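Here is a friendly walk through the structure shown below. Take a look at it, and then we'll go through it piece by piece.

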Amino acid sequence: MPIEPFYLQANLLLAVFIFAVGIVGFLFKRSAISLFMCIELMLNAANLAFVTFASHQAFWLHNPEAALDGGIFVLFIITIAAAEAGVGLAIFISLFRRQQNINVDEMVSLQG
Amino acid sequence: MTLHLVLYCLFFAMAAVSAVCVVTSKNTVHSALFLVVTMVALAGNFLLMHQELMAVIQVFVYAGAIMVLFLFVIMLLNLREPDSLPSDFKGRTFLGVALTVVFVGLIGFGVLISRWDVGVSVNDAKAVSMEQQTGGQNLEAGMTEDADEGAKEPASDAGTRSVFYPFANRLLVDYLLPFELMSILLLVAMVGAVVVSRRMLPKG
């Protein structure tokens with residue numbers, strides 16, 4: 001069943017909602033790994049928006065090339081999220097060795 | 001009340017509820033598992049939109065590799081959410097809900113009042129601008145209105161009928177430079193992760 005404007009709008013609203021939940025969690029969480037999971041939530045919301053528009057282009061506007069462009073950008077976003085997760089978790093490990101928790105409220109040594 | 005609508009409502013509710021539970025859960029492992037549920041629900045949404053390749057990539061790479069890496073690190077370091085202090089901001093829940101409502105309201109309003117059933121695609125825009133340039137006449141011999149000028153024909157006919165062919169063709173022909181840059185990025189990330197998390201030996 002091709003994606004109609006109802007499903008498009010519902011998917012976009014879901015993407016915006018998940019993005020907003022990610023932002024609120026990022027602002028109010030104190031564990032660094034929870035902040036990282038909120039970043040992944042935001043990236044997933046963006047992926048949902050991209051795939052929604054790719055499907056809209058393919059089935060509603062009858063433009064399969066644009067649908068492929070959306071899918072490829074999703075692939076790049078997932079790749080960047082993987083690289084970022086690897087480096088970020090390595091940073092968390094080395095931070096954990098310094099102070100025995102990951103509380104971002106206590107990471108104040110760079111503050112003037 | 002078709003099956004498509006029922007499944008869509010199921011995945012919608014699963015994704016929304018899991019996303020809220022990621023943020024509100026006190027246990028870090030529970031947050032990670034709720035995030036996995038959110039990703040799987042989004043993959044279900046992708047399947048309902050007939051983007052099967054995206055659904056498979058989401059489950060394999062995102063939920064299956066990145067979240068497993070998260071859980072490895074959480075359990076390796078035994079990370080947990082810090083205990084709530086008395087100095088915590090008291091109106092956190094209300095402010096969080098208010099921010100979410102404002103954000104979704106602003107952008108959702110723009111989504112709901114737009115007309116999505118019409119659109120100008122890039123190929124139509126190219127064709128329109130080419131017509132304007134040549135005055136509506138095809139002056140050059142052999143000039144076609146083929147939209148994908150960058151796509152090359154494959155050497156053999158074996159893979160052109162698979163479901164991956166358009167995607168792989170677009171990725172490796174038109175987006176070859178970003179593809180190679182992604183490889184370099186992953187290499188740099190791997191080396192950086194090993195270097196950053198190395199335990200420094202004491203001198204002497």
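Is Asp69(A) buried, partly exposed or exposed? Asp69(A) is partly exposed, with a relative accessible area of 28%; buried means under 20%, exposed over 50%, and partly exposed in between, using a 1.4 Å probe and protein chains only.

Before going on, a word on the ground rules. This is a predicted model, where local features need pLDDT of at least 70 and side-chain atom pairs count only at pLDDT 80 or more, while totals for chains, interfaces and linings use all residues. Residues are numbered from 1 along each chain as its sequence is written, chains are lettered from A and ligands numbered from 1 in the order in which they are written, and side-chain values use heavy atoms, leaving out hydrogens and water.

Back to Asp69(A): it forms a salt bridge with Arg170(B), with the closest N and O atoms 2.5 Å apart. A salt bridge here is a side-chain nitrogen of Lys or Arg within 4 Å of a carboxyl oxygen of Asp or Glu. Arg170(B) sits in helix H6 (residues 165-174) of chain B and Asp69(A) in helix H3 of chain A, so this pair joins two chains. Helices are DSSP runs (H or I, at least four residues), numbered from the N terminus. Arg170(B) is buried, at 11% relative accessible area. Asp174(B) also forms a salt bridge with Arg170(B), at 2.9 Å between the closest N and O atoms. Those two are four residues apart in H6 of chain B, so about one helical turn separates them. Through shared partners, Asp69(A), Arg170(B) and Asp174(B) end up in one network.

How much do the chains touch? In chain A, 75 residues are in contact (heavy atoms within 4.5 Å) with 79 residues of chain B. The area buried between the two is about 6,900 Å², and carbon and sulfur atoms give 78% of it. Buried area means the accessible area (1.4 Å probe) that two parts lose on being put together, summed over both. On the chain A side, Phe28(A), Arg30(A) and Met37(A) lose the most area to chain B, together 9% of what that side buries.

Arg30(A) has a partner too: its side chain meets that of Asp105(A) in a salt bridge (3.9 Å, N to O). The two are 75 residues apart, with Asp105(A) in the segment after H3 of chain A and Arg30(A) in the loop between H1 and H2. Arg30(A) is buried at 10% relative accessible area, whereas Asp105(A) counts as partly exposed at 47%.
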